[in-house]
Amino acid sequence: MTRWLGLGALVAIALISAVVLGPAHIALGDLASSEIVRSLRVPRALLALLVGGSLGVAGASLQALVRNPLADPFLLGLSGGAGLGAVLAIALHLAGPWALPLAAFAGALGAMALVYRLGLVGGAQLDPRVLLLAGVAVGAFSGAITTAIVSLAEAADLRNAFLWLWGGLSGASWDTVLVMVVYIPLPLVVLYAAARPLDLLALGEEPATHLGADVEPLKRRVYVAASLLTAAAVAVSGVIGFVGLIVPHITRLVWGHRHRALFPAAFFGGGALLLFADTAARVTVAPRELPVGIVTALVGVPLFAVLLRRWGTRG
Amino acid sequence: MTRAAPLLSAQRVTYRYPGAPGDALHDVSLEVRPGEFHAVLGPNGSGKTTLVRVALGLLTPGAGTAELAGRPAAAWSRRDLARVVAVVAQREDNLFPQQVRETVLLGRYPHLSLWGAERPADRAAVTRALERCDAVALADRWIWTLSGGEYQRVRLARALAQEPSLLVLDEPTASLDVRHEMEMFELVRALVDRHGLAVMMITHHVNLAARFADRVLLLAAGRTAAQGAPEAVLSRETVERVFAWPVAIAPFDGRPQMIPLRQPKESA
């Protein structure tokens, strides 16, 4: 119970600091009436919570699926596909507020379908090892095409594409928040329903089958739901790395490996981490802004190094 | 005395792996009834594990039928089946660190509803399973701190937490020393005698199978070499033919025991 209260307090602090802090100084008494707060900071904070949460849960479930605790939501090629879609939209000067997110979403779904198809090697069974390799291959391939397009693009386009690839929440609006609020419950519910059988899958596919899990449908559901979460996150905020890798690890240290507790903890932990990272991205170099993916990487890589050491010494 | 209906019934099953030149299993029959300890013996690659997979509906036989508790094996959902049959497979992974009680609780999965939490009945079943396997003292230990013999007892406890009628054990004493191997066989025999469990055990221990099992199926190259009570199956001729090694058979405690012979000097 204490740890849930602690997590709740962390999320509250993260939300409050995201709303209070920013390049424009707003007195505490004016927060409620400020247009900046109402139409920029609040939707942005909520989007950070939803995106960070989605990445946390997607990471935790994919680590269980590919049975590798070092898996990351973007390891399965989704970021490559989304990046290609986004860069194409920028290069082709597609207009409209939804052109970029939709192109990125389409690219992520394309990559997901391709990786899934490649993962179904030799028939009906989804092999997580092949899935992982297919993800790396698809990611590398779409990354090559993306770089080719970027290298031929004009300077202004290039900067836009580069910033997008490192992730950012500056496109946040009440509309994007609404889209996420409507969209993410379904994959989240699907993953939560898979929480117990995922505990079994940690023993291996055959032992999980003997304990009563339908392993093949389970793997498919988890892959599709986690990919849909990641695709939505990448569509509204670009490629934000390390949240989906680090957060499940830290929450496992506190909540254990059982996915019923792990998923909610990873959701709010991911949300809190992205909120802090985004606040730092907005405040540290104000009035300019860092891509939030740079902040999560700068914080995430050292943290990851510490976790790897722990992993090595546990024996 | 009328015998209870078999829990596991494989009738004249044949199976060939896709692309394989020959049958992995050919015309093999096996019945395991409540209160019966049935051992399956045979050299490496003789089809023992394939027989388990066919009998449990994980592989569809090319010929013959496989039934569990009177229903075709393929007709069971994995979840329903896990309440009737528990399996201790040869190997499993430990991806994430777990404590003993947690891993035994996984055995309750087929009894839990989709959204519901564990009920007191589930916790009671876990404690009962730990007691039966003499593993209560291990309940709060981490899995990676257990010895090989303790670990196998915990895995057996998880299988018992499923509250099955039939227990399938695939080489449960591989790599255990004499004491832990004997403890495992004594434990399984006690479960059969006290709780009427049906047991199908794959093992390489010819002598322990002869002393503990009620019936023995001896497989050779996917075919039945002999089947029945240990003293009928384990004759010198049959054992020498199946394992391709000279042996002597001597009775001990009324059961046949096999002693492998040294090869004569001139043929060495």
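Helices and strands are DSSP runs, a helix having at least four residues and a strand at least two, and they are numbered from the N terminus. The exercises below apply this to a predicted model.

**Exercise 1.** Determine which elements chain A contains and in what order they run, and decide how the chain compares with a globular protein of its length.

*Solution.* 
Step 1. Chain A has 14 helices and 0 strands.
Step 2. Read from the N terminus, the elements of chain A are therefore α-α-α-α-α-α-α-α-α-α-α-α-α-α.
Step 3. The C-alpha trace of chain A spans about 60 × 50 × 40 Å along its principal axes.

**Exercise 2.** Describe how helix α2 and helix α13 of chain A cross.

*Solution.* 
Step 1. Helix α2 (residues 35-65) of chain A and helix α13 (residues 259-283) of chain A cross at roughly 135 degrees, and their axes come within 6 Å.
Step 2. Because of this angle, α2(A) is oblique to α13(A).
Step 3. The crossing of α2(A) and α13(A) is right-handed.
Step 4. The contact of α2(A) with α13(A) is made up of 16 nonpolar, 7 polar and 1 charged residues.

**Exercise 3.** State the angle and the handedness for helix α8 and helix α11 of chain A, and identify the residues that meet.

*Solution.* 
Step 1. Helix α8 (residues 185-193) of chain A packs against helix α11 (residues 215-237) of chain A at an angle of about 145 degrees, and the axes are 9 Å apart.
Step 2. α8(A) and α11(A) make a left-handed crossing.
Step 3. From α8(A) come A:Pro187, A:Val190 and A:Leu191; they meet residues of α11(A) including A:Arg221, A:Val222 and A:Ala225.
Step 4. By class, the contact of α8(A) with α11(A) holds 8 nonpolar, no polar and 1 charged residues.

**Exercise 4.** Characterise the contact between chain A and chain B.

*Solution.* 
Step 1. Chain B supplies 17 residues and chain A supplies 19 residues.
Step 2. On the side of chain B that touches chain A, helix α2 (residues 78-82) of chain B gives the most, with 3 residues.
Step 3. That side of chain B divides into 11 nonpolar, 2 polar and 4 charged residues.

**Exercise 5.** Locate the domains of chain B and describe their contact.

*Solution.* 
Step 1. The domain assignment gives domain 1 (1-84 + 166-178 + 196-268) and domain 2 (92-163) of chain B.
Step 2. The C-alpha centres of domain 1 and domain 2 of chain B lie 27 Å apart.
Step 3. In chain B, 7 residues of domain 1 are in contact with 8 residues of domain 2.

Terms used:
Residues numbered from 1 in each chain as written. Chains lettered and ligands numbered in written order. Predicted model: local features only at pLDDT ≥ 70, side-chain atom pairs only at ≥ 80, totals over all residues. Axes fitted to C-alpha atoms, helices over the stretch in contact; angles between N-to-C directions. Left-handed = near helix turned anticlockwise from the far one by under 90°. Contact = placed C-beta atoms within 7 Å. Nonpolar A, V, L, I, M, F, W, Y, C, P; charged D, E, K, R; others polar. Domains from an automatic or database assignment. Parallel < 35°, antiparallel > 145°, perpendicular 65-115°, else oblique. Rg over C-alpha atoms; globule rule 2.2 N^0.38 Å.
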